[in-house]
Amino acid sequence: MAQKLTTTMAKVIGRPTWQQTMLRIKDPSKSIPFYTDLMGMTVIDTFDFPQWNFKLFFLTTLPEGEKYSLTPGTKEAHDYMWSIEGTALELTWNYGTEKDATQKYHPGNQEKDGFGHVAFNTDDVYAACEKLEKAGVSFKKKPDEGRMKGLAFAYDPDGYWVEIVKRNEANKIPNFFNFSQTMMRIKDPSKSIPFYEAFGMTVVRQKDYGDFSNFFLASSSNVDESVDYSSLSDAEAKAKLSMMFGPILELTHNHGTETDADFKHNNGNEEGRQGFGHIGFLVDDVYAACDSIREMGYGFKKEPDGGSMKGLAFAYDPDGYAIEIIKRGGIEFGDKRVETS
């Protein structure tokens with residue numbers, strides 16, 4: 001049975017829901033087909049900022065058979081994007097990187113790196129990896145390599161690790177793949193877990209592996225309110241987690257880092273180590289939410305009225321990861337809209 005960490009933090013105001021994970025990409029002509037054609041995601045929206053030379057692509061896993069009729073980049077798609085209850089993968093492209101042979105983003109997983117990977121669940125890891133390999137995808141770890149059999153890590157076009165995880169039951173989720181996880185390393189779970197619980201997340205599983213522990217947190221839309229997750233055996237929790245349609249946030253704690261005053265994870269935004277950017281939450285009122293976040297004491301990268309985009313904020317979590325705070329329903333971002341005919 002997992003021991004539940006007690007939170008003393010007040011809940012963030014405005015019903016926060018985990019809405020995005022952001023990765024920087026070099027070439028959308030490679031990354032978008034990887035995540036749509038191979039991993040089964042749908043581009044639900046785009047934001048183009050020619051004045052600042054970058055473009056955002058938002059992708060998510062829609063239920064198998066659900067048709068998406070909106071045109072990315074339009075007001076209608078924006079309205080949909082900023083009201084979803086699920087979680088999107090935000091891919092950020094800075095104009096011209098695809099033409100620079102020397103340009104490469106940092107995928108994480110080197111010494112002191114915080115970001116680890118994204119993940120997708122599937123019924124059959126072996127069949128999934130065979131499909132990906134035939135499509136030219138390379139692997140960090142194939143299912144029968146290493147100590148953990150039946151688990152794989154593929155590389156996306158930028159070298160980010162993409163974990164391939166087996167569902168507990170086959171033929172229950174029709175999608176071949178569903179976006180299932182973002183993993184980040186944390187220094188001290190006694191600080192990080194209460195922080196994310198204050199954002200409305202629930203620890204649905206935690207596992208101590210001896211020298212490290214994993215904490216799996218789900219946003220409210222992904223949680224079965226009738227289940228007391230802290231009372232489940234690890235096997236029960238693992239099974240329930242694998243059958244969730246939406247993604248979970250995996251926080252990995254390497255034991256001992258919490259007692260090292262000098263230890264700090266790289267957060268993905270340092271010069272020369274940029275790749276992972278942030279995760280983001282929708283809230284009803286950004287200003288009210290930030291008032292409650294401010295009480296946590298970890299500070300802000302951008303206050304709601306700072307910079308050129310008013311009403312949008314970036315807070316810091318206990319490890320210094322950037323946490324975007326966005327108004328549910330969206331704001332005027334100043335992007336170049338796609339006009340509907």
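**Exercise 1. Determine where Glu98 lies and which residues surround it.**

Step 1. Glu98 belongs to the loop between β4 (88–94) and β5 (115–122); strands are DSSP runs (E, at least two residues), as helices are (H or I, at least four), numbered from the N terminus. The model is predicted, so local features need pLDDT of at least 70 and side-chain atom pairs 80 or more, while totals for chains, interfaces and linings use all residues. Residues are numbered from 1 along each chain as its sequence is written, and side-chain values use heavy atoms, without hydrogens and water.

Step 2. With its neighbours within four places in sequence left aside, Glu98 has contacts (heavy atoms within 4.5 Å) with Lys26, Asp27 and Trp93. The C-alpha atoms of Glu98 and Lys26 are 5.3 Å apart, although 72 residues separate the two along the chain.

Step 3. Glu98 is partly exposed because its relative accessibility is 28%; buried means under 20%, exposed over 50%, and partly exposed in between (1.4 Å probe, protein chains only).

**Exercise 2. Describe the open sheet that contains β1 and β13.**

Step 1. Eight strands follow the order β2-β3-β4-β1-β13-β16-β15-β14, with mixed pairing; two strands pair if DSSP finds at least two bridges between them.

Step 2. β2 (42–49) and β14 (300–302) each have a single partner strand, so one side of each lacks a neighbour in the sheet.

Step 3. Strands β1 (residues 17–25) and β13 (residues 276–283) run antiparallel and are joined by six bridges. Within this pair, Thr21 has Ile279 as its bridge partner.

**Exercise 3. Compare the surroundings of the salt bridges Arg273–Asp113 and Arg205–Asp234.**

Step 1. A salt bridge requires a side-chain nitrogen of Lys or Arg within 4 Å of a carboxyl oxygen of Asp or Glu. The structure holds 14 of them.

Step 2. Arg273 and Asp113 meet at 3.0 Å, N to O. They link distant parts of the chain, 160 residues apart: Arg273 lies in the loop between β12 (248–254) and β13, and Asp113 in the loop between β4 and β5. Arg273 is partly exposed at 25%, whereas Asp113 is buried at 3%.

Step 3. For Arg205 and Asp234 the N to O value is 2.8 Å. Arg205 lies in strand β10 and Asp234 in helix α5 (residues 234–242), 29 residues apart. Here Arg205 is buried at 8%, and Asp234 is partly exposed at 25%.

Step 4. Arg205 and Asp234 also belong to a salt-bridge network with Lys207.
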